Amino acid sequence: METRWEAKLAALAEAEQALDGVRKARPSLPEPDALKALATDLPRLWHAPDTHHKDRKRLLRTLIADVTLLPEPNRNRARIGVRWHTGATDEISVMRNDLRTPTAAIDLITRLGPTHTDDELVAQLNAAGLTTGKKRPFDVKAVRWARHAYRIRAPRTVPYRHGEIGIDDMARILGVSYSAAYYWITHYRLDARQDRSGRWCVTWNETVEADCRARVASSGHLNPTGPGARPLPEEVHGCLTVHDVAMRLGVPADAVYYWIRIHRLHARRTTSGRWSIPWNDEIEASARQSAARTQKYTPTTQTTTAGGAV
């Protein structure tokens, strides 16, 4: 006990010595007259070079209790209520900074936006002497923001070069799902490039189309009746595979997988890990109703293939 007592006394002495050192290092307060003069000249204290932002915040918290934004019918003005720690209150009325894009600029973008590119709109706006809400000249970034804010669509452009088509066109021509076409591209089985917007442009000709059709015909995944098909085991009676259902209903296999995932279509796994879907007239009628509600993507760009398909 005596040892612990001596240790506590030693720790106390060290703490008192450290406190005394801090007190000596702390700058002394200014004289009362100097402090009073400083308090009566707050602008000088506020703008002093050695006054940091954190010091200004502490100064505001010392003087102001709270600030309230008051209702104001005039949208171009703002009323601000200030309550000081002394209990006094002040009300300040200021003009709002209207950063909205001027109406004339929005009218021009709305009128020309669907048929003009962003660069063309920038030239038109600056030629008309119009500026942004921040009173700056228009640039492509400002035009794109105005399109987004006011839902002004951009002109439809065809990014494809000669001999190129899109993934959706290719999937429609071959009768496969978008995911299958995308898989071939991302696994380097098709020559394709991405434009600046990230859209895939697939090189397409007679040789590529013939190669893709041969790939589809030999794939048991894409063509359940092809040479590579794997039918369900014989003991699974009255059941169909995912691709059997997709072909019967005329929908992508992805839609059938989605119905299984959300329990709209009952299915179970076989020992090989494949989906087995019980099937009868009642299930088919219900599935056809789901297929009718499935939104199918219709490409807006028509491309003529080597075989004459559009």
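**Figure 1. Overall view of the predicted protein chain.** The protein chain exposes about 22,600 Å², and carbon and sulfur atoms supply 54% of this area. The model is predicted. Its secondary structure comes to 13 helices and 9 strands. The chain has 310 residues, of which 29% count as buried. Where contacts link residues at least 6 apart in sequence, 44% of them join residues at least 24 apart.

**Figure 2. Close-up of a nonpolar surface patch.** Trp5, Leu9 and Leu12 make this patch, which covers about 340 Å². Leucine 12 belongs to helix 1, residues 2–25. The relative accessible area of leucine 12 is 47%, so this residue is partly exposed; the cut-offs are under 20% for buried and over 50% for exposed.

**Figure 3. Close-up of the buried face of helix 7.** In helix 7 (residues 140–150), the buried residues are Ala142, Val143, Ala146 and Arg147. Viewed down the helix axis, they fall within an arc of 140° and therefore line one face of helix 7. An α-helix has 3.6 residues a turn, so residues three or four places apart point the same way. The packing partners of the buried residues of helix 7 are helix 5 (103–112) and helix 6 (118–127).

Figure 4. Lys141, Arg144, Trp145 and His148 are exposed and sit on the face turned away from the buried side of helix 7.

Conventions
Residues are numbered from 1 along each chain as its sequence is written. This is a predicted model: local features need pLDDT of at least 70, side-chain atom pairs count only at pLDDT 80 or more; totals for chains, interfaces and linings use all residues. Side-chain values use heavy atoms; hydrogens and water are left out. Patches are made of residues with over 30% relative accessible area and no salt bridge: like charges are joined within 9 Å, nonpolar side chains (Val, Leu, Ile, Met, Phe, Trp, Tyr) within 5 Å. Accessible areas come from the Shrake-Rupley method with a 1.4 Å probe; for residues, only the protein chains shown count as cover. A salt bridge is a side-chain nitrogen of Lys or Arg within 4 Å of a carboxyl oxygen of Asp or Glu. Helices (H or I, at least four residues) and strands (E, at least two) are DSSP runs, numbered from the N terminus. Buried means under 20% relative accessible area, exposed over 50%, partly exposed in between (1.4 Å probe, protein chains only). Contact means heavy atoms within 4.5 Å. The arc is that of the directions from the helix axis to the C-beta atoms.
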